[in-house]
There are 2 protein chains.
Amino acid sequence: MPLKYELIKTCKQSGARLGKIHTPHGTIDTPIFMPVGTLATVKTMSPEELKQMEAQIILSNTYHLFLRPGHEIVKEAGGLHTFMNWDRPILTDSGGFQVFSLSEMRKITEEGVEFRSHLNGDKLFISPEKSIEIQNALGADIIMAFDECPPYPADYEYVKKSLERTTRWAERCIQAHQKKDEQALFGIVQGGMYEDLRKQSAEQLTSFDFLGYAIGGLSVGEPKHLMYEALEFTVPHLPTQKPRYLMGVGSPDALLEGTIRGMDMFDCVLPTRIARNGTTMTSEGRLVIRNAKFEKDFGPLDPNCSCYTCTHYSRAYIRHLLKANEIFGIRLTTYHNLHFLIELMKNVRQAIAEDRLLDFKEEFFVQYGLHNNDKGF
Amino acid sequence: MPLKYELIKTCKQSGARLGKIHTPHGTIDTPIFMPVGTLATVKTMSPEELKQMEAQIILSNTYHLFLRPGHEIVKEAGGLHTFMNWDRPILTDSGGFQVFSLSEMRKITEEGVEFRSHLNGDKLFISPEKSIEIQNALGADIIMAFDECPPYPADYEYVKKSLERTTRWAERCIQAHQKKDEQALFGIVQGGMYEDLRKQSAEQLTSFDFLGYAIGGLSVGEPKHLMYEALEFTVPHLPTQKPRYLMGVGSPDALLEGTIRGMDMFDCVLPTRIARNGTTMTSEGRLVIRNAKFEKDFGPLDPNCSCYTCTHYSRAYIRHLLKANEIFGIRLTTYHNLHFLIELMKNVRQAIAEDRLLDFKEEFFVQYGLHNNDKGF
């Protein structure tokens with residue numbers, strides 16, 4: 001078995017779970033935030049920096065690596081771990097979400113999806129079998145079934161047909177998977193914002209006994225309260241003894257709300273993307289470091305943070321670097337934002353251990369300025 | 001005295017000198033290559049990485065820091081060392097070269113240079129006094145007198161008038177210098193490609209007894225053999241007991257040729273600039289990593305290199321990152337190129353110690369593919 005989920009305890013204040021996931025490249029503590037390394041690199045960071053901030057697992061993108069440099073090259077290099085010099089666990093997504101959100105002129109059939117590369121317009125095709133072939137070549141510890149991710153909003157009939165195809169594709173992914181002893185395959189529950197469709201998708205997928213389950217199709221533009229409702233009516237249909245992964249979520253409030261509703265794994269480009277634009281997450285809320293008011297602020301980005309950035313550099317220096325388009329500036333903001341979410345999840349795990357996650361959430365929301373604010377980050 | 005030069009020995013095969021320079025932030029071994037941190041950051045690198053590659057001193061630019069973020073802000077931050085988190089020696093140039101090469105609509109008078117910022121067109125003025133005021137605020141260990149750097153080619157009369165003004169400006173810099181106990185002021189010898197003018201400039205400047213002397217106005221477009229000739233007829237007019245700095249030179253061949261002619265310090269943006277374009281210096285010569293032939297090359301950038309990049313990543317991976325415009329890729333090439341020159345100068349010092357620098361040069365040129373090639377890098 002390439003993956004074992006160990007449920008340590010459930011929080012007495014909420015549905016939050018404390019656990020561990022054992023993989024071929026090591027054990028991760030859940031709930032956990034996974035930094036995204038789209039193109040076999042977490043943008044601007046070195047593997048050593050990711051370890052220094054205690055990242056335990058990173059995500060990489062099948063669609064992007066299929067386009068560049070090509071999965072065959074990564075395979076020849078000895079797999080993604082060797083290629084990018086990262087010896088801890090990796091999860092690859094299936095390419096489904098990117099095919100639907102990034103590519104052009106896509107045509108969906110029962111066989112798969114034909115699309116044009118967002119880079120050069122090349123006509124390409126990804127089927128469930130192809131997605132697994134690529135992911136087998138990349139060699140991540142956790143791989144994902146190829147799914148269709150409908151947009152929000154989408155009508156009932158479309159979502160129903162789509163999730164049923166995703167179920168059929170999931171079965172084909174299981175058949176296609178060539179490295180069952182080395183890579184754990186997760187299924188992705190779809191069903192949009194419809195309670196009965198989420199139930200249907202979850203029941204169909206759990207019948208295949210995947211090693212873990214993701215909830216896909218959330219955080220795609222819907223109001224956050226709808227996402228939380230969808231979690232509430234989907235999670236009860238997922239098995240307790242398998243990890244649960246909420247895809248594409250990485251704002252501090254959504255990480256907390258997702259955890260409270262029983263999710264174990266999260267990923268999002270948010271912390272790294274906003275960092276490159278100079279927006280940082282701090283214990284006192286969002287801080288836009290390019291702001292003129294930080295010109296002569298010689299204090300740290302976040303006075304309550306112990307990360308490399310906050311212990312070595314001032315707001316004035318980071319602002320200067322960003323204003324001058326200096327790469328070291330976005331290294332510093334990226335480092336801080338990733339550390340912030342990793343540290344947040346460490347504190348979340350501690351709060352679950354102490355059966356006080358709802359109290360922790362209240363305290364965090366007040367400090368972060370999120371109280372009674374549905375907009376979140 | 002903020003600076004002491006210790007001449008350890010002279011190579012028996014050449015004019016090369018082995019020495020040490022003691023500064024308030026530590027001692028550096030000469031001959032030495034100084035990475036350039038134009039805007040208070042060596043592009044893409046962290047101070048820790050610079051230390052890991054054994055950079056002993058870095059250079060920063062007065063003109064750029066005057067424009068952004070402004071020297072007063074750096075001063076308020078506690079000076080450049082604190083601002084950028086670099087506790088080893090720093091040298092700042094005077095802004096002279098940049099005013100003449102970067103700014104627009106400059107007007108030179110005896111008083112100083114009026115110019116427009118290359119960033120926003122603001123009308124600005126730098127005089128010898130202003131340059132020293134800025135450099136006193138920045139607080140580098142070594143600061144430079146404000147000079148005029150004539151282009152190549154430039155006619156005799158112009159160069160003569162210019163160097164005489166540079167001499168008068170040098171005297172004003174000495175007068176303006178407010179931190180004589182903390183910062184060592186160097187003079188800059190000009191005189192273009194004219195032997196008698198170089199002699200005149202050197203004699204005038206050495207009469208002021210600076211703590212070190214730079215040779216400016218070389219590597220400004222002239223053929224390399226002319227630069228070497230200019231060094232040969234200028235160096236004899238410089239005192240033996242002071243450090244000698246060849247400004248703006250950083251190709252491997254010119255570092256060797258400059259050292260052989262008795263120069264001790266060098267700086268150049270070449271290694272960092274070409275790295276960002278994917279060009280690397282290796283023990284076997286120049287290597288353009290974006291080249292298609294490296295697509296499936298899983299060996300290191302330079303098989304004879306012990307740097308972080310070469311011990312952890314393949315050519316295929318670095319090529320992939322650069323093709324995808326991933327910042328980590330240019331971090332890796334930058335690291336390697338800087339390490340390459342720092343390592344080269346370490347080997348040069350060893351060769352001087354062993355009285356075999358000319359032999360070392362021959363061996364290096366053959367391996368690097370530079371034999372009988374005036375073009376250099």
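Between chain A and chain B there are 6 salt bridges, each a side-chain nitrogen of Lys or Arg within 4 Å of a carboxyl oxygen of Asp or Glu. This is a predicted model, where local features need pLDDT of at least 70, side-chain atom pairs count only at pLDDT 80 or more, and totals for chains, interfaces and linings use all residues. Residues are numbered from 1 along each chain as its sequence is written, chains are lettered from A and ligands numbered from 1 in the order in which they are written, and side-chain values use heavy atoms, with hydrogens and water left out.

**Interface of chains A and B**

- B:Lys296 pairs with A:Glu76 in a salt bridge, with the closest N and O atoms 3.6 Å apart.
- On the side of chain A that touches chain B, H13(A) gives the most, with 5 residues. Helices are DSSP runs (H or I, at least four residues) and strands likewise (E, at least two), numbered from the N terminus.
- By class, that side of chain A has 20 nonpolar, 6 polar and 10 charged residues. Ala, Val, Leu, Ile, Met, Phe, Trp, Tyr, Cys and Pro count as nonpolar, Asp, Glu, Lys and Arg as charged, and the others, Gly among them, as polar.
- Chain A puts 36 residues into the contact, and chain B puts in 36 residues. Contact means heavy atoms within 4.5 Å.
- The buried area is about 3,100 Å², and carbon and sulfur atoms give 59% of it. Buried area is the accessible area (1.4 Å probe) that two parts lose on being put together, summed over both.

**Helix packing in chain B**

- The axes of H10(B) (residues 252-260) and H15(B) (residues 357-368) come within 11 Å and cross at roughly 170 degrees. Axes are lines fitted to C-alpha atoms, for helices over the stretch in contact, and angles run from 0 to 180 degrees between N-to-C directions.
- H10(B) is therefore roughly antiparallel to H15(B) (angles over 145 degrees).
- The residues of this contact divide into 9 nonpolar, 1 polar and 3 charged.

**Backbone features**

- A cis peptide bond joins A:Thr30 and A:Pro31, with omega about 0 degrees. A:Pro31 sits in the loop between E3 and E4 of chain A.
- B:Arg68 to B:Pro69 is also a cis peptide bond, with omega near 0 degrees.
- A:Ala40 is not a glycine, yet has a positive phi of about 70 degrees.

Methods:
Angles under 35 degrees count as roughly parallel, over 145 as roughly antiparallel, 65 to 115 as roughly perpendicular and the rest as oblique.
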